[in-house]
Number of protein chains: 2
Amino acid sequence: MRATIKDVASRANVGIATVSRVLNGEEYVADATRERVLAACRDLGYTRNNLGRSLKTGATDNIGVAIMSRHAPVILNPFYAVVIGGIEQALEDAGKHLLLSSLRRRDDLIDLAREGRVDGLLVVGCDIADAELQRLAESGRPVVLVDNEYQGLTSVSTDNHQGGRLAAEHLLAAGCTRPAFVAENLENPNFRQRLEGFRAALETAGVQLHSTGIAAGGDSWDGGYYAMRRVLEAGPAPDGVLAANDPAALSACRALQQAGLRVPDDVRVIGFDDIHLAAQAEPALTTVKVEKLELGSLGATRLLDLLAGVEPQRRTVLPTTLVARASA
Amino acid sequence: MRATIKDVASRANVGIATVSRVLNGEEYVADATRERVLAACRDLGYTRNNLGRSLKTGATDNIGVAIMSRHAPVILNPFYAVVIGGIEQALEDAGKHLLLSSLRRRDDLIDLAREGRVDGLLVVGCDIADAELQRLAESGRPVVLVDNEYQGLTSVSTDNHQGGRLAAEHLLAAGCTRPAFVAENLENPNFRQRLEGFRAALETAGVQLHSTGIAAGGDSWDGGYYAMRRVLEAGPAPDGVLAANDPAALSACRALQQAGLRVPDDVRVIGFDDIHLAAQAEPALTTVKVEKLELGSLGATRLLDLLAGVEPQRRTVLPTTLVARASA
DNA sequence: CTGTTAGCGCTTTCAG
DNA sequence: CTGAAAGCGCTAACAG
C-alpha cells in the first residue's frame, strides 16, 4: 500500500499536522523536526495524495481546456493546436495541469468545474452557442474565453476587423479593383468580422465588394476550393481575394490555378492566421498573422489571475499583422 | 455554497447512502424513493463532487497522456497530434478525461499517478530514456506505451522494419539502384528500424545502401533538407530516397529540386507516416502510411483494459502500408 | 429496500 | 513550535 501522511508522521515521531506543515513549506517548524520529516518521506517514498488535499482546500490545480470547433478531433486543427501549445506552456510554468475536454456533449462544460475536476476553464474558439456562454457567465466559476468574446466573461481575442482592413489595404495598394472573399462558412463570428473589416476598408477606398464576390464552400478541408469556384462561376474573375483563413486560401489557390489563373500575377491571394504551412506553400502565402501562441498563453494568464484573486484585464484584443509573401 | 449529498438527502428525506445508490445507478432502490432523490437533485442543482468519490474509491477517471518529443510544444507535431486525436476519441467514448502532460521535467511522470491525479498513463513517443521506462515498469501502475515498446510494459507500436522494407521494394520495382536514406537524426529508435528494414530488403535484392547515402540533418523542420544536401555532396546523386518521415521527405524534395533534380523523374522520394500534408504536397508524396489514429485509440483501449482488470494484449505491432502517389 | 457508521488522505483551527 | 481533533464529500459495509 501507498505510504500516507500518517505513515510518515509515525516514522518521524511527529503528528500529521507537522508533516503537513513541512510538505507545504510553512515556517514555524524546527529545523531538526523538518529534517526528520523529510527523511521519513524519503525512506517511505512518500508522495502526497492530492485528492485528500483537494477535498479539503477545494482546489485541484487542474485547468480545463475546452475547444469548440465543428471539426473533430479538434487537436488536428492547425490553428488551435498552436493555441493549445501556448496554453500548455503557460500552465506548466504555473505548475498547473491541463485537462483537455473534447466536448462532443456540450452540456457538461461547466460540470468539469462543478465536479471538482478543474479549478477553472479555458474555453477556446467561437463555435459555441450564446446560451452556453450565458450559462458559463452565470456559473460564477473562473472562466476565460480564448479567440472569442462575450459580455460578462474575461476574454482574449483577435482584432479580426483590423486584420480584414489590413488585407484590403494590401490589395488596394497593388491596384486591385475586383476583390473577393472566400470562406468555409459565413456564420463563424471571426470570419464575419474579417469580412466586415475587409469590406469597410474597401469601401472607404471606393471599391465595391459585390455579393457575387463573397462565397462559402462548406466546412471541410476543401471549403476554400469550392468557395473560389463559386465566385469564378458567378462573374468575372477577381483580381484580389481574401480568404477567411489559410487553409481556405491555399485551396482557393488550387481552384484559381485549375481555372488557368496565375497567383499572384492574375489574382492576388491573402490568407488569414499564418499557420505554419502558409510559409511553405507554393507560392508562399501572404497572410494576416494572428498571434496564436499569445492567444493561448495570455488566456491562461488571465485565468491564473482570476484563480489567484487578482482582477484580470477583462477584455484583451490582440492586433494582427500582415505578412507579405509571394501570393500577394 | 454548493449542494452536497447531505443536502440532497435531507431534502429528499432519505439517508445519504440512498442518494449515493441512486447516483450510482444501483438496483434495490424503490422507484418512489429514486424519484424523490432525483427531484431533490434537480431542485438543488446538485452535481456530485468527484473528489470525495475519488478519495474513497481510489479512481479519478482521469487518464494522463504524456508525450515525449524533442520538439516542444508537442502538440504541434503533425504526427502526434493525430495520435492524441485517437486517444481523445477512445477516452471520451469510455467517459474518461484526458490530462495532458507536456513534461519538460521528466521525473514527475509517474507522480501524476502517485498524486492521485490520474488512474493510468499513456506514454507516447520513443524519445524517452530507458531508466525512465524502467521506473514506469516497476511502478506497478497501469501504463501503456504508444509508438514505442519496452520489456515489461504493454505497448502499441508500428512495424517500422516492415515499412522500411515496403519502401525498398517499391523503389526496387521502379529500377532504383542508388538508394539513400535521410532523416532528422539517426538516434530515434523508430527511424533506425525504418532504416534497417530498408537496408535489409535492399540487400536481399543485391542493392547496396552505402554509408554516404545515409544522412541526418538535425532536429528542425529543415532536417530533411540538410540531410539531402549532405547526401548530394557526398557522392553521385541517388535515384531513390527514403526519408525517415514525411516532413523530412518534403524538405528533401526541396533540396533535390534546388540541385536541379526532378522528382520523381530523376529521383524517387518516399516519405514515412502519411501525415495530412503528404497528399497535398506538390508532387504528392508517396509514403509509408502509419496508422496514427489507431496507435492512439488502441493504446487507450489497452489502458482501459488494464484499468478494468482485463489482461490486455501485451504487445501490439501495427502494420504499415505503402501509399503510392506522385513522388515515387 | 434503507439508514448509520466508519473512514479515504489531507489541511486547519485550537490548545498546549 | 507541535499535536489532537474535526471535518472536506463521498462510498461501502453492516445492520435493520
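Start at DNA strand D and select the protein surface near it: by class, that surface has twelve nonpolar, nine polar and five charged residues. Keep in mind that this is a predicted model.

Next, pick out Gly15(A), Ala17(A), Thr33(A), Ile5(B) and Gly52(B), which come nearest among the 26 residues around DNA strand D. Colour the elements that give two or more residues to this surface: helix H2 (16–23) and helix H4 (50–57) of chain A, plus helix H2 (16–23) and helix H4 (50–57) of chain B. Which element gives the most to the surface near DNA strand D? H4(B) does, with five residues.

Move to chain A. Select helix H1 (residues 5–12) and H2(A), whose axes lie 8 Å apart at an angle of about 105 degrees. H1(A) and H2(A) are therefore roughly perpendicular to each other. Show the contact: H1(A) brings Ile5(A), Lys6(A), Val8(A), Ala9(A) and Ala12(A), while H2(A) brings Ile16(A), Val19(A) and Ser20(A). By class, this contact of H1(A) with H2(A) has six nonpolar, one polar and one charged residues.

Now the sheet. Select six strands of chain A, in the order S7-S6-S8-S9-S10-S12; they form an open sheet with mixed pairing. At its edges are strand S7 (214–216) and strand S12 (321–323) of chain A, each pairing on one side only. On average, neighbouring strands of this sheet are turned by 20 degrees against each other, direction ignored.

Zoom in on strand S8 (residues 240–243) and strand S9 (residues 268–273) of chain A, which pair in the parallel sense over three bridges. Val241(A) stands opposite Val269(A) in S9(A).

Last stop: helix H11 (residues 246–258) of chain A. Helix H11 lies across strand S6 (179–183), S8, S9 and strand S10 (286–289) of chain A, and runs at about 155 degrees to S9(A).

How values were computed. Residues numbered from 1 in each chain as written. Chains lettered and ligands numbered in written order. Predicted model: local features only at pLDDT ≥ 70, side-chain atom pairs only at ≥ 80, totals over all residues. Near = placed C-beta within 6 Å. Helix = DSSP H or I, 4+ residues; strand = E, 2+ residues; numbered from the N terminus. Nonpolar A, V, L, I, M, F, W, Y, C, P; charged D, E, K, R; others polar. Axes fitted to C-alpha atoms, helices over the stretch in contact; angles between N-to-C directions. Parallel < 35°, antiparallel > 145°, perpendicular 65-115°, else oblique. Contact = placed C-beta atoms within 7 Å. Pairing = 2+ DSSP bridges.
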